[in-house]
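Have the sequence and the model side by side.

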Amino acid sequence: MSRSQTVASVLNVLRRFQNSSPGVDVASITGQVSTSAPSSGFSALLSQLRGLSATAATAASSPKRLPKNTLLTDLKQLSKFKLSSLVMLTASAGFVAGSGESIDWKGLAMTSLGTLGAAACANTLNQLYEISNDSKMTRTANRPLPSGRMSPLLAAAFALSTGAMGLGILYTQVPMLVQTGGRGGRN
């Protein structure tokens, strides 16, 4: 890639950065670089990028705007999707570690999906239980239930559906040895 192609690529990244970070004046940077000679354009770009990184650090320290609240966003927040995904990842790692020589890929997928559903259910039930406490704390007051963006009935229906799906998959699709921790029977 030539130097001018590199500069053009960086300028495209800067333009995309400006779209996601209002207040950053990328137009002045792109104007200075594109009007400079090719050899000095790269130096000018580097000096402008240094100033831009300081602006980005200031923007990162300022409060971020909340994403547009949609039902999907609220359900992800209700189920604590990142935490549920970590639970799923540890269950998957345990499945792989206990698989021996070959991995049952369908069993791994079903274990992962069932565990994700069960974890989402548990997190949703916890948030249903904690509505009054969550509404008192500033850190949790903007969650879907305490803020009133979602009704407890809808949250309970979500918990029931993810729990039934997750446990149903684990019961019917996951090999018996995985369900029992290797003991072989339903103890």
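**From core to pocket**

The largest nonpolar core has 7 residues: Leu75, Leu78, Leu128, Leu145, Met150, Ala155 and Phe158. A nonpolar core is a set of buried Ala, Val, Leu, Ile, Met, Phe, Trp, Tyr and Cys residues joined through side-chain atoms within 4.5 Å. Helix H4 (71-78) and helix H9 (152-173) each give at least two residues to this core. Helices are DSSP runs of H or I, at least four residues, numbered from the N terminus. This is a predicted model: local features need pLDDT of at least 70, side-chain atom pairs count only at pLDDT 80 or more, and totals for chains, interfaces and linings use all residues. Residues are numbered from 1 along each chain as its sequence is written, and side-chain values use heavy atoms, with hydrogens and water left out.

Beyond its neighbours within four places in sequence, alanine 155 contacts Leu78, Thr124, Leu128, Leu145 and Met150. Contact means heavy atoms within 4.5 Å.

Now follow Thr124. Threonine 124 sits in helix H6 (residues 105-129). Is threonine 124 buried or exposed? Threonine 124 is buried, at a relative accessible area of 0%. Buried means under 20% relative accessible area, exposed over 50%, and partly exposed in between (1.4 Å probe, protein chains only). The side chain of threonine 124 reaches the backbone oxygen of alanine 120 at 2.8 Å. Leaving aside neighbours within four places in sequence, threonine 124 also contacts Leu78, Ser79, Ala155, Phe158 and Ala159.

Helix H6 also holds threonine 115. Threonine 115 is buried, with a relative accessible area of 14%. Its side chain reaches the backbone oxygen of threonine 111 at 2.7 Å. Not counting residues up to four places away in sequence, threonine 115 touches Val87, Met88, Ala91 and Leu170.

The largest pocket holds about 330 Å³ of space. H4 and helix H5 (81-97) are the elements that give two or more residues to its lining. A pocket is an open set of points on a 1 Å grid over the protein atoms alone, where a 1.4 Å probe fits, with protein on both sides within 12 Å along at least five of seven lines; lining residues have an atom within 4 Å of a point.

Among the lining residues is Lys80. Lysine 80 lies in the loop between H4 and H5. At 24% relative accessibility, lysine 80 counts as partly exposed. Its phi is near 50°, a positive value in a residue other than glycine.

Conventions. Polar contact = N/O pair within 3.5 Å; in protein donor to acceptor, adjacent residues only side chain to side chain. Points joined across faces, edges and corners; volume = space filled by probe spheres on them.
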